[in-house]
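This report describes a ligand site and the aromatic contacts of one structure. Please refer to the sequence and the model shown here while reading.

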Amino acid sequence: MAHAVTLIRGDGTGPELIEAGRRVLEATGVQFEWDVVEAGVDAMEQYGTPLPENVLDSMRRTHVAWKAPITTPIGTGFRSVNVAFRKEFDLYANVRPAKTYKGVRSRYENIDLVLIRENTEDLYAGIEFEEGKPETVELVNWIRSKQPKAVIREPVGISIKPISIPGTERIVRFAFEYAVKNNRKKVTAVTKANIMKFTDGLFLAVAKDVSKSYPGIAYEEMLVDNMCMQLVQKPELYDVLVLPNLYGDILSDLCAGLVGGLGVAPGANIGDNGAMFEAVHGSAPKYKGQNKVNPMALILSGMLMLRYLDENDAADRLEKAVSAVVAEGKSVTYDMKPDRNDPTAVGTSQMADAIIAKLQGK
Ligand code: NAD
């Protein structure tokens with residue numbers, strides 16, 4: 001049976017990347033029923049909004065979206081496409097694998113970890129009090145009445161960090177289920193629970209509790225500052241990391257940096273009712289229409305989608321084909337060549353062709 005997938009073409013280099021990626025995914029032999037929709041600055045010209053309602057409608061029907069990069073229009077007041085999707089479908093888990101591939105420039109070898117970031121709570125919940133506003137002054141007075149020793153100088157801006165039991169329970173459970181499904185051995189919960197006892201401490205207590213339901217998976221706890229050092233010194237020791245929103249945001253870029261940068265990093269936003277897959281990089285608009293940029297991150301996000309759709313055999317074959325092309329280093333885009341001006345670099349579509357040839361055993 002064909003998988004119905006909402007295919008969001010994006011803008012900038014998005015359309016050429018997703019076109020190349022689509023050919024690669026189809027070459028795995030998996031059947032797709034693509035619902036091709038437009039979002040981003042090109043859609044804005046056509047529909048007057050970067051996120052036309054038919055895009056959300058499509059995802060309400062398919063529950064799975066594969067998204068090309070989208071330029072975020074600055075200062076137009078339009079809502080971010082990613083935020084709208086995350087809220088509409090409660091995509092609470094951000095999944096970012098970080099893996100070293102031979103041929104991709106990195107100082108490290110043998111890294112194969114997956115970072116799972118809570119996507120909805122923490123300091124990103126949007127609960128902020130601006131310096132000088134009456135409600136901020138009122139809040140400060142209230143805090144002082146409850147906690148006379150609290151250090152608050154004025155004028156002051158305040159952000160609130162909510163971390164809930166249900167929000168933590170579902171992200172930690174997601175991390176353990178991910179570990180079970182993907183044959184992973186260990187989950188590390190990362191917090192600053194020694195300082196923030198009622199938020200990070202709660203996250204840790206819930207994580208410990210959830211871990212007891214998964215005796216087959218090792219569980220460990222790490223403070224976020226130590227985690228940063230451990231990742232830089234011995235990243236190969238880590239497997240699945242689960243983190244509250246802010247630490248997850250920061251460490252996911254750190255992990256991408258360990259394995260070759262944002263240009264090769266795939267990502268997924270997953271909830272109980274749907275999922276959206278994308279490259280971590282942006283729309284690189286200066287290269288638009290030049291058939292130049294690297295399709296690897298978007299194609300690897302397609303591999304994550306295949307796994308989500310339980311097409312594990314196709315996902316394995318696809319990953320093998322991508323890593324073979326990258327390891328050979330012949331049919332790769334300019335950014336993967338030691339010299340970025342190397343005239344033998346190929347274009348987006350030719351790199352996709354090389355991956356397709358590998359998939360076909362050529
Ligand atoms: P970017 O990731 O688009 O580009 C930064 C630089 O990285 C580019 O100039 C290019 O040299 C390189 N690069 C990026 N992708 C590449 C690829 N596939 N192959 C080779 N080189 C690549 O970041 P930016 O310039 O800061 O952002 C451009 C636009 O994209 C902004 O509007 C931003 O908001 C948006 N953005 C969207 C997403 C998304 O849709 N998920 C993510 C990040 C940024």
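## The ligand and its surroundings

Ile70, Thr72, Gly282, Ala284 and Asn294 come nearest to the ligand among the 19 residues around it; a residue is counted as near if one of its heavy atoms lies within 4 Å. The shell comprises eight nonpolar, seven polar and four charged residues. In this classification Ala, Val, Leu, Ile, Met, Phe, Trp, Tyr, Cys and Pro are nonpolar, Asp, Glu, Lys and Arg are charged, and the others, Gly among them, are polar.

The model is predicted: local features require pLDDT of at least 70 and side-chain atom pairs pLDDT 80 or more, whereas totals for chains, interfaces and linings use all residues. Residues are numbered from 1 along each chain as its sequence is written, and side-chain values use heavy atoms, with hydrogens and water left out.

A backbone N or O atom of Ala284 is 2.7 Å from an oxygen atom of the ligand, and one of Asn294 is 2.9 Å from a ligand nitrogen atom. Tyr334 places a polar side-chain atom 3.2 Å from a nitrogen atom of the ligand. Taken alone, the ligand exposes 810 Å², of which the protein buries 66% (Shrake-Rupley method, 1.4 Å probe; for residues, only the protein chains shown count as cover).

The charged end of Lys292 sits over the ring of Tyr334, 4.3 Å from its centre (NZ of Lys or CZ of Arg within 6 Å of the ring centre and within 35 degrees of the ring normal). Arg117 lies over the face of Tyr124, 5.3 Å from the ring centre.

## Aromatic pairs

The structure holds nine aromatic pairs. Rings of Phe, Tyr and Trp (its six-membered ring) pair if their centres lie within 6.5 Å; planes under 30 degrees apart are stacked, over 60 edge-to-face, and the rest tilted. Phe174 and Tyr178 are stacked, 6.5 Å centre to centre with 25° between the planes. Both belong to helix α6 (residues 165-181), four residues apart, about one turn of the helix; helices (H or I, at least four residues) and strands (E, at least two) are DSSP runs numbered from the N terminus. Phe174 and Tyr178 are both buried (under 20% relative accessible area; exposed is over 50%, partly exposed in between; 1.4 Å probe, protein chains only).

The ring centres of Phe176 and Tyr219 are 6.2 Å apart and their planes stand at 40°, so this pair is tilted. Because Phe176 lies in helix α6 and Tyr219 in strand β9 (residues 218-223), the pair ties together parts 43 residues apart in sequence. Phe32, Trp34 and Trp66 form one aromatic cluster.

Technical notes. A polar contact is a pair of N or O atoms within 3.5 Å; within protein, one must be able to donate a hydrogen and the other to accept it, and residues adjacent in sequence count only if both atoms are side-chain atoms.
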